[in-house]
Amino acid sequence: MMKMPAKIIDGKEIARKIREEIKKEVAALEKKPGLAAIIVGDNPASKVYVGMKRKTCEEVGIYSEEFKLPEETSEEELLELVRKLNKEDKIHAILLQLPIPKHINEEKALSAIALEKDVDGFNSVNIGKLVRGNEASVPCTPKGIIRLLEEIGIEITGKNAVVVGRSNIVGKPTALMLLNRNATVTVCHSKTKYLGEITKKADIIVVAVGKPNMITESMVKEGAVVIDVGINKVDGKLVGDADFENIKEKAGWITPVPGGVGPMTIAMLLENTLQRYKEAE
Ligand code: NDP
């Protein structure tokens, strides 16, 4: 059989269409949905991400506010801000940009966000719901990954899915969402032995590690779907975790970096904000 090069999953275009739909829907609303984004500390990447998120909100007509707190902010001060925003009528969605400084208990801070305003689904109650198969509020990146799989018409039921990375924000919730859709899921991490042997059996590989070229062509089964979440800077260029150039000759589908999962994360943030608004108003 002749080898077919992989089809590229155009996350940028899929996200553009989603944004367009959201823009139309928001324009028809009486009141504007509102998002509050909180940054604690001086992480430069956080500032870029929150800047991008707010700019996209503006484009689709979602009201947004940004709260920049200094590194030395106490846990109580942060909790106080969250409690205040929980009560504010014009705010329907609250985002606490991670990472936050180590002296603040992350779980406590995320779980202080009211369930009905928990736009990222990081409140422990929402994570618990996800474990039970209730996807009332799910994190944006995993939701974007599932949407990409749906868009390309991949049937998830019965597939072998391998998730590389087990963070609370990407790996674990993605694994749960795949499991909720009847995939047979394997989760790999830094202590996993013979990673390549495991990924080679996968119909769907999701890699969220943060190491360029960690998934190579020999680790991928012919025709597999490769979703690359990684964002790495190499020689001033953005690259993912997968060796895109070589894998694309073998895989069935692959996401590029940039232009794959990244734009979907932001589109899902808008969608989740709108969802929180609709449930509240
Ligand atoms: P974390 O650093 O929180 O998690 C990385 C995971 O990778 C950990 O579970 C770690 O294992 C695992 N890991 C590390 N080394 C290896 C290895 N050699 N083999 C297998 N697994 C390994 O990262 P995030 O989940 O927050 O992010 C992952 C990547 O995705 C980053 O590049 C980040 O920038 C990007 N990202 C992109 C987004 C987007 O919208 N496109 C959104 C969020 C993140 P262990 O648990 O054992 O330490």
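Hello everyone. Before we start, this is a predicted model, where local features need pLDDT of at least 70, side-chain atom pairs count only at pLDDT 80 or more, and totals for chains, interfaces and linings use all residues. Residues are numbered from 1 along each chain as its sequence is written, and side-chain values use heavy atoms, with hydrogens and water left out.

Let's begin with helix H10, residues 261-280. Helices (H or I, at least four residues) and strands (E, at least two) are DSSP runs, numbered from the N terminus. Helix H1, residues 11-27, packs against H10 at an angle of about 25°, and their axes are 8 Å apart. Axes here are lines fitted to C-alpha atoms, for helices over the stretch in contact, and angles run from 0 to 180 degrees between N-to-C directions. H1 and H10 are therefore roughly parallel to each other. As for that wording, angles under 35 degrees count as roughly parallel, over 145 as roughly antiparallel, 65 to 115 as roughly perpendicular and the rest as oblique.

Now look at helix H2, residues 44-60, which packs with H10 at about 55°, with axes 10 Å apart. That makes H2 oblique to H10. Which residues of H2 meet H10? They are Met52, Lys53, Thr56, Cys57 and Val60, and they meet Ile266, Leu269 and Leu270 in H10. Contact means heavy atoms within 4.5 Å.

On to the ligand. There are 20 residues around the ligand, and Arg166, Ser167, Ser190, Lys211 and Thr265 come nearest; a residue counts as near if one of its heavy atoms lies within 4 Å. In the side chain of Ser190, an N or O atom is 2.5 Å from an oxygen atom of the ligand. Lys211 has a polar side-chain atom 3.0 Å from a nitrogen atom of the ligand. His189 takes part through its backbone, with a polar atom there 3.5 Å from a ligand nitrogen atom.

Finally, some backbone details. Where are the cis peptide bonds I want to show you? One joins Leu98 and Pro99, with omega about 0°, and Pro99 is in the loop between strand E4 (93-96) and helix H4 (106-112). Another joins Val257 and Pro258, again with omega about 0°, and Pro258 is in the loop between strand E11 (253-254) and H10. Asn182 has a positive phi of about 70° although it is not a glycine. You will find Asn182 in the loop between helix H7 (171-180) and strand E6 (184-188).

Note on methods: Polar contact = N/O pair within 3.5 Å; in protein donor to acceptor, adjacent residues only side chain to side chain.
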